[in-house]
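Work through the exercises below with the sequence and the structure in view. Try each task before reading its solution.

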Amino acid sequence: MSPNDLTPRPVKDSQSEMAEAVLPNDANPLGNLLGGRLMHHIDIAGAIAAHRHSRSYVVTASTDHLDFLAPVHVGDLLILRSSVNRAFRTSMEVGVKCWVESYLTGERRHVSSAYLTYVAVDQQGNRVPVPPVIPETADEKRRFEDAGRRRELRRAELERRKQTRRE
Ligand SMILES: CC(C)(COP(=O)(O)OP(=O)(O)OC[C@H]1O[C@@H](n2cnc3c(N)ncnc32)[C@H](O)[C@@H]1OP(=O)(O)O)[C@@H](O)C(=O)NCCC(=O)NCCS
């Protein structure tokens, strides 16, 4: 696919999985992964899905609300899964889900989830259109619909903040 091919693409084309070993340098004195480090991994995992969908450069426009549901410890294996939920004109909503996986049993524990919006840009930083997403499974269709609702909420909130700054 060339960068300006706007043929709709299935969600599975952007699906990505990343694994990170949690090292002492990433942790607080209690041995828990720093929240900012987790956010960094989430941003990278999200960007990979956005690149795969759009086959272009991307910038992070925003991150929605982020909960840290359970601590991640030094020695844990962090797994991050990402895919594009929906594409709009130049922007894409990406969902990222994070687990820790036990090396010994393979058991996974959900530690965080986030929705991020990336905007596709060319080498000069100008925004470029992205192909639509084709949701295929029931989960993908639900995420696609929900992404449309979240976009409206984000736009309303962005407008409210702009208005507040003008006052
Ligand atoms: C994100 C950015 C490209 C948006 O530019 P802008 O001039 O505000 O553009 P517009 O208002 O015309 O919006 C362009 C698209 O971005 C989306 N967008 C803009 N701000 C957004 C936000 N805060 N959250 C979600 N989407 C956003 C718009 O909905 C629009 O999407 P669409 O083309 O699919 O309809 C620009 O603000 C930017 O370059 N920010 C810095 C990005 C960056 O450096 N990220 C790394 C941070 S360290």
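Helices (H or I, at least four residues) and strands (E, at least two) are DSSP runs, numbered from the N terminus. This is a predicted model: local features need pLDDT of at least 70, side-chain atom pairs count only at pLDDT 80 or more, and totals for chains, interfaces and linings use all residues. Residues are numbered from 1 along each chain as its sequence is written.

**Exercise 1.** Compare the radius of gyration of the protein with that of a compact globule.

Solution. Take the radius over C-alpha atoms; the globule rule is 2.2 Å times the number of residues to the power 0.38. For 167 residues, the rule gives a value near 15 Å. The protein has 17 Å, which agrees. Then check the box: along the principal axes, the C-alpha atoms fill roughly 45 × 45 × 35 Å.

**Exercise 2.** Decide whether Y103 is buried or exposed.

Solution. Locate the residue first. Y103 sits in the loop between β6 (91-101) and β7. Now apply the cut-offs: a residue is buried if 20 or more other C-beta atoms, placed from the backbone, lie within 10 Å of its own, exposed if 12 or fewer, and partly exposed in between. Y103 counts as exposed because it has 9 C-beta neighbours inside 10 Å. Across the protein, buried residues make up 32% of the 167 residues.

**Exercise 3.** Find the residues of the largest nonpolar core that touch the most other members.

Solution. A nonpolar core is a set of buried Ala, Val, Leu, Ile, Met, Phe, Trp, Tyr and Cys residues joined through C-beta atoms within 7 Å. The largest has 30 residues; A50, V84, V94, V96 and Y118 touch the most other members. At least two residues of this core come from each of α1 (35-54), β5 (77-87), β6 and β7.

**Exercise 4.** Describe the shell around the ligand.

Solution. A residue belongs here if its C-beta atom, placed from the backbone, lies within 6 Å of the molecule. There are 13 such residues, and S62, F88, R89, T90 and S91 come nearest. Two or more residues each come from β3 (57-63), β7 (108-121) and α2 (138-166). β3 gives the largest share, four residues.
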